[in-house]
Amino acid sequence: MKEPKMDTTEKITININTVDLGYIDLLASEGYYATRTEFIKSAIKNQIDKHESDTKQLLEKRKSKGYQFSIGVGGFSKSELEKNLKNNDKKLNCVFVGLFVLPKDITLELLEQTVESIKVYGVCRCSQEIKDRYNL
């Protein structure tokens, strides 16, 4: 049986002045971009690319302080956390860039026993109780 595909996009809303919107519409109407959305996605990607060395440096700084990283889609499984607890490993400090997902079978109690801190840059999908506890 095929697993359903996880949605890794997020809808956002922005306010833009009417002159800038007019320029976007002009470029889209003349075929430079298929739609407003394609223009905006392209502009965002260009800015991310422009700051690539900055983001690498920021992530390396955190890594040097002992944080574990996941870029893309990441999270923990219950078995991973239970193994960490069983081995008396030190509590994790984690940074996620992209989509952070926790299955429903992970309790706040288990997470608190195994994870010191979680920082998510992007989207977080977990229980409200966990979001509240870790300020997500």
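Predicted model: local features only at pLDDT ≥ 70, side-chain atom pairs only at ≥ 80, totals over all residues.
A polar contact here is a pair of N or O atoms within 3.5 Å.

**View 1. Asn17 caps the N-terminal end of helix 1.** A side-chain oxygen of Asn17 lies 3.0 Å from the backbone nitrogen of Val19. The helix itself covers residues 18-29, 12 residues in total. From first C-alpha to last, helix 1 reaches 16 Å, close to the 16 Å expected at 1.5 Å a residue. Just after helix 1 comes Gly31, with a positive phi of about 90°.

**View 2. Tyr33 and Phe39 form an edge-to-face pair.** The structure holds four aromatic pairs. In the one shown here, the ring centres of Tyr33 and Phe39 are 5.0 Å apart and the planes meet at 80°, so the pair counts as edge-to-face. Tyr33 is partly exposed, at a relative accessible area of 27%. Phe39 is partly exposed too, with a value of 21%.

**View 3. Phe76 and Phe96 form another edge-to-face pair.** Here you will find 5.8 Å from centre to centre and 85° between the planes. Phe76 lies in the loop between strand 1 (68-75) and helix 4 (78-86), while Phe96 belongs to strand 2 (residues 92-101), so their pairing ties together parts that are 20 residues apart in sequence. Both Phe76 and Phe96 are buried. Look for Phe100 as well: ring pairs link Phe76, Phe96 and Phe100 into a cluster.

**View 4. Arg133 lies over the face of Tyr134.** The distance from Arg133 to the ring centre of Tyr134 is 4.4 Å.

Methods
Residues numbered from 1 in each chain as written. Heavy atoms only, no water. Helix = DSSP H or I, 4+ residues; strand = E, 2+ residues; numbered from the N terminus. Expected span 1.5 Å × (residues − 1). Polar contact = N/O pair within 3.5 Å; in protein donor to acceptor, adjacent residues only side chain to side chain. Phe/Tyr/Trp six-rings, centres within 6.5 Å; stacked < 30°, edge-to-face > 60°. Buried < 20%, exposed > 50% of the residue type's maximum accessible area, 1.4 Å probe, protein only. Lys NZ or Arg CZ within 6 Å of the ring centre and 35° of its normal.
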